[in-house]
2 protein chains.
Amino acid sequence: MARDGAATRALIMDAAQKLILRHGFAATSVEAVLEQTGLTKGAFFHHFPSKNDLARALMERFAEQDETTLRSTLERAERLTKDPVQQVLVFVGLLEEMMEQSGNSNPGCLYATYSYEAQLFDDETHELIKKALLAWREELGAKIRQALEHRPPRIPVNAEELADGLTVVIEGAYVLSRAFKEPKLVLDQLRHYRNYLEMVFGEVRVEMDVPASVSS
Amino acid sequence: MARDGAATRALIMDAAQKLILRHGFAATSVEAVLEQTGLTKGAFFHHFPSKNDLARALMERFAEQDETTLRSTLERAERLTKDPVQQVLVFVGLLEEMMEQSGNSNPGCLYATYSYEAQLFDDETHELIKKALLAWREELGAKIRQALEHRPPRIPVNAEELADGLTVVIEGAYVLSRAFKEPKLVLDQLRHYRNYLEMVFGEVRVEMDVPASVSS
DNA sequence: AGCTACATACCAACTGGTCGGTATGGATAA
DNA sequence: TTATCCATACCGACCAGTTGGTATGTAGCT
């Protein structure tokens, strides 16, 4: 009966993450997690010195998974096509696929949840968030920069801003998706983000209208 | 000493909203609000039967102000130009202006904050959020539809999705803006949203290149 | 007087966290 | 093989502090 500690720890973390994504951190009591898992206080505080240690552990795991997703998906896109522009577009498309599949099971993002209760968490935890979000900015940004060098954009753009744009769309779409209870909204907005990239890259040809200078 | 009730009520609401935007609702204790205002429990519960009544009152006020901003800014844009396409673009531009001016003083949005602690609020409060967000979808959506009819888009788009896109960008940009502590990020992302609209409207001319995988 | 606008004192419930104890099972040694 | 030992895993009663909320009083205005 009293055996696999790692499994229990994971059980606590899974239950806690679900509750936190639904109700926020402050509104998720330790007892609520215990009720969900059938465990007791003893078990909880055996695995986590404090509730905030749980918070940090959750963020460590979440950020790690997230960065893994980022890199592996980027690599998949690189394997699927050699054109840097297409790699970026395929990358976003793959994310859409993944969103569509996992669907409602992942109804939120810990980064945003933690951000809205910022003062509850220590600096270390905030650094984890920053680091993970920076990974998207920099690694997707680098790939976008490659694409921009490979095919000059139709309007002047900044690679890191464009990379941030993806995270922005995802986070913002989650908010609306929850408020409206329309899961598909996230996919729609991701499609628009991809549209934007396509037009910036001139995947769809763009010509200036008025000053009539940038003709191809 | 015991004089203007309405002012005291507003004082409480202002202090509470600031704290809630910074720390979330659950993590904002009534006592913290009282400490901020120099009032006492008697005063608080004289004006609000419960903490949740404060939450609802705050959302009523916030949504009302928000819808007013939406409508008045839309009207300003309509007064500034007659071209529906330009009206949409000017509308977004005006929002950028307002964001830039109010700047850091408004570091968040109650809709998102409440969404991340959803179960704490009653249905009535959630309906207020939904109604306000729907106003953006429908009223900005209607204006965008006008623009689309006036100038057929270069790629097939849905007016309401595009309208949602603005809210999505704002909410998402707030999240990143907080995490990175980069207030200007919101403006950058709004600029990209406007870029997208410009290209969709063919404000910048767009021509299909290849078989063009732009789905609807 | 009576109503509004507060202050003060207080309470029951819940919070995160502690602590002494028990159960389990693997390593060790007889 | 089996008795001993001990670390790990877990239990559940308990604690102090904080929470939202109430009851009662009072000062000022009309």
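The following questions and answers concern a predicted model with chains A and B.

Residues are numbered from 1 along each chain as its sequence is written, and chains are lettered from A, with ligands numbered from 1, in the order in which they are written. Because the model is predicted, local features need pLDDT of at least 70 and side-chain atom pairs count only at pLDDT 80 or more, while totals for chains, interfaces and linings use all residues.

Reader: What is the order of the elements of chain A from the N terminus on?
Author: Helices (H or I, at least four residues) and strands (E, at least two) are DSSP runs, numbered from the N terminus. On that basis chain A has nine helices and one strand. Its C-alpha trace spans about 70 × 35 × 30 Å along the principal axes. The elements run α-α-α-α-α-α-α-α-α-β.

Reader: What percentage of the 216 residues of chain A count as buried?
Author: A residue is buried if 20 or more other C-beta atoms lie within 10 Å of its own, exposed if 12 or fewer, and partly exposed in between, with C-beta atoms placed from the backbone. By this criterion, the buried part of the 216 residues of chain A is 41%.

Reader: What share of the contacts in chain A with a separation of 6 or more comes from residues 24 or more positions apart?
Author: Two residues are in contact if their C-beta atoms, placed from the backbone, lie within 7 Å. Among the contacts of chain A with a separation of 6 or more, residues 24 or more positions apart account for 64%.

Reader: Which element gives the largest share of the side of chain A that touches chain B?
Author: The contact takes 49 residues from chain A and 50 residues from chain B. On the side of chain A, the elements that give two or more residues include helix H1 (5-23), helix H7 (123-150) and helix H9 (184-200). The largest share, 15 residues, comes from H8(A).

Reader: Why do the copies meet through the same surface?
Author: The answer rests on the interface residues of chain A that are also interface residues in chain B. The copies meet through the same surface because this proportion is 96%.

Reader: How far apart are the end C-alpha atoms of H8(A)?
Author: H8(A) is largely enclosed by the rest of the structure, because 19 of its 22 residues are buried. The expected span of a helix is 1.5 Å times one less than its number of residues, so H8(A) should span 32 Å. In agreement with this, the end C-alpha atoms are apart by 31 Å.

Reader: Which residues does Met59(A) touch, not counting residues up to four places away in sequence?
Author: Met59(A) is placed in helix H4 (residues 51-80) of chain A. Met59(A) is buried, because 24 other C-beta atoms lie within 10 Å. The residues touched are Leu110(A), Tyr114(A), Thr125(A), Leu128(A) and Ile129(A).

Reader: With which residues is Met99(B) in contact, leaving aside its neighbours within four places in sequence?
Author: Met99(B) belongs to helix H5 (residues 84-102) of chain B and counts as partly exposed, with 17 C-beta neighbours inside 10 Å. Its C-alpha atom is 7.3 Å from that of Leu187(B), 88 residues apart in sequence. The contacts are Val186(B), Leu187(B) and Leu190(B).

Reader: Over which residues of chain A does pLDDT stay under 50?
Author: pLDDT is the predictor's confidence in each residue, from 0 to 100. Chain A averages 90, and 90% of the residues score at least 70. Where pLDDT is low, the predicted coordinates should not be read in detail. In chain A, pLDDT stays under 50 over residues 206-216.
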